[in-house]
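Subject: Structure handover

Hello,

Here is the structure I promised to pass on. Please open it and keep it beside this message as you read.

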Amino acid sequence: MLSRCMPLALAALAALLVAPSATASTAQEDALAQRYAPVVRLVADTGDCEPDMPYRPIDVNVLFDEPTVALRGPWGNDLVKIGPAARDLTDRLYGYHLDFPGNALRPGCDYLDWQARLTPGSRPTAYAHVVTDPAHAGRLALQYWFFYVFNDWNNLHEGDWEMIQLDFDAPTAAKALEHPPVAVGYSQHEGAERAAWGDEKLELVGGTHPVVHPAAGSHANFYGESLYLGSSASEGVGCDDTRGPTFDVRPVVRSIPSDPQAAAREDPWISFEGRWGELRPAFFNGPTGPNLKTQWTRPI
């Protein structure tokens, strides 16, 4: 009996030894994410819609178990489930998509009204992800991902994932807590804009919280208030406007563990391989999620 129980006892002991280390690592990742939590400076103007109620980065959990959201399959617009739960997205579901109420090509104020219906009692949210890069030893990235219910720009589409990233010369979150970042990158359409930490164009609140200026409608992230003219896919084809009047939101930061298994347990939706919005031709399609972006695993 003793010999048969010995492997189980050793396994239990090993679990006890590993668990505190994993917990400590997660705690350090969260501490890093909280230290550099961004300030999001939103353009208040919503045109003919309700004033001062623009698209905000929302908590994606308000989408789940919500009867106005549908999960559809890869065989066209076949309905799989109304009001899917987060756990319904854990099987990857390549080719599936979420469908929101409204017509993406004729949005009017419908998606802003829907956002207002979804979010009472919910605060704006940013999802933090700490990740190392196998091609860049000793470097680490801290990412903040924002989800908007609609992209109201030239390429109209349901759902919009945007992000900013802080780069550290550090191999772990614990080491990154000892030194400031070396650079920052803000997503802009198919490209991004970089700033060194300490650059004049990078505004910080409290010395550590970068100010992000999402353009009205497109949510491309900029460093200041201006009208930006783009002429390529990386810059955007058209005008990105971050000019005032504006107001600041301080999103709640929710950390997604760097360990994929832990992330799937805590945030099942992060495994979803479908689209976060209805299917439409070309660039009117809903976007894929953070986990399918190159920078999710190769950030530097």
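Predicted model: local features only at pLDDT ≥ 70, side-chain atom pairs only at ≥ 80, totals over all residues.

**Aromatic pairs**

The count of aromatic pairs is 18. Two of them are described here.

Start with Tyr127 and Trp269. Their ring centres are 5.0 Å apart and their planes stand at 75°, which is over the 60 degrees needed, so this pair is edge-to-face. Tyr127 belongs to strand S5 (residues 125-133). Trp269 is in the segment after helix H4 (260-266).

Now go to Tyr186 and Tyr223. Here the ring centres are 4.0 Å apart and the planes are at 10°, under the 30 degree limit, so the pair is stacked. Tyr186 lies in strand S8 (residues 183-188). Tyr223 sits in the loop between strand S12 (221-222) and strand S13 (227-232). This pair also links distant parts of the chain, 37 residues apart. Tyr186 and Tyr223 are both buried.

The charged end of Lys201 sits over its ring, 4.8 Å from the ring centre.

**Cluster and core**

Tyr127 and Trp269 come up again in one aromatic cluster, together with Phe64, Phe147, Trp161, Phe272 and Trp276.

Which residues have the most contacts inside the largest nonpolar core? They are Leu63, Leu142, Tyr144, Trp269 and Trp276, in a core of 64 residues. Strand S6 (residues 136-151) gives the largest share of this core, with 9 residues. As background, nonpolar side chains in soluble globular proteins tend to be buried together.

Trp269 deserves a look of its own. Setting aside residues up to four places away in sequence, Trp269 touches Val60, Asn61, Phe64, Ala86, Leu89, Tyr127, Trp161, Ile256 and Trp276.

**Ser187**

Last stop: strand S8, where Ser187 is found. Is Ser187 buried or exposed? Its relative accessibility is 11%, under the 20% cut-off, so Ser187 counts as buried. Its side chain makes a polar contact with the side chain of Glu162, at 2.9 Å. Leaving out neighbours within four places in sequence, Ser187 is in contact with Glu162, Met163, Ala192, Ala220 and Asn221.

Best wishes

Technical notes. Residues numbered from 1 in each chain as written. Heavy atoms only, no water. Phe/Tyr/Trp six-rings, centres within 6.5 Å; stacked < 30°, edge-to-face > 60°. Helix = DSSP H or I, 4+ residues; strand = E, 2+ residues; numbered from the N terminus. Buried < 20%, exposed > 50% of the residue type's maximum accessible area, 1.4 Å probe, protein only. Lys NZ or Arg CZ within 6 Å of the ring centre and 35° of its normal. Polar contact = N/O pair within 3.5 Å; in protein donor to acceptor, adjacent residues only side chain to side chain. Contact = heavy atoms within 4.5 Å. Core = buried A, V, L, I, M, F, W, Y, C linked by side-chain atoms within 4.5 Å.
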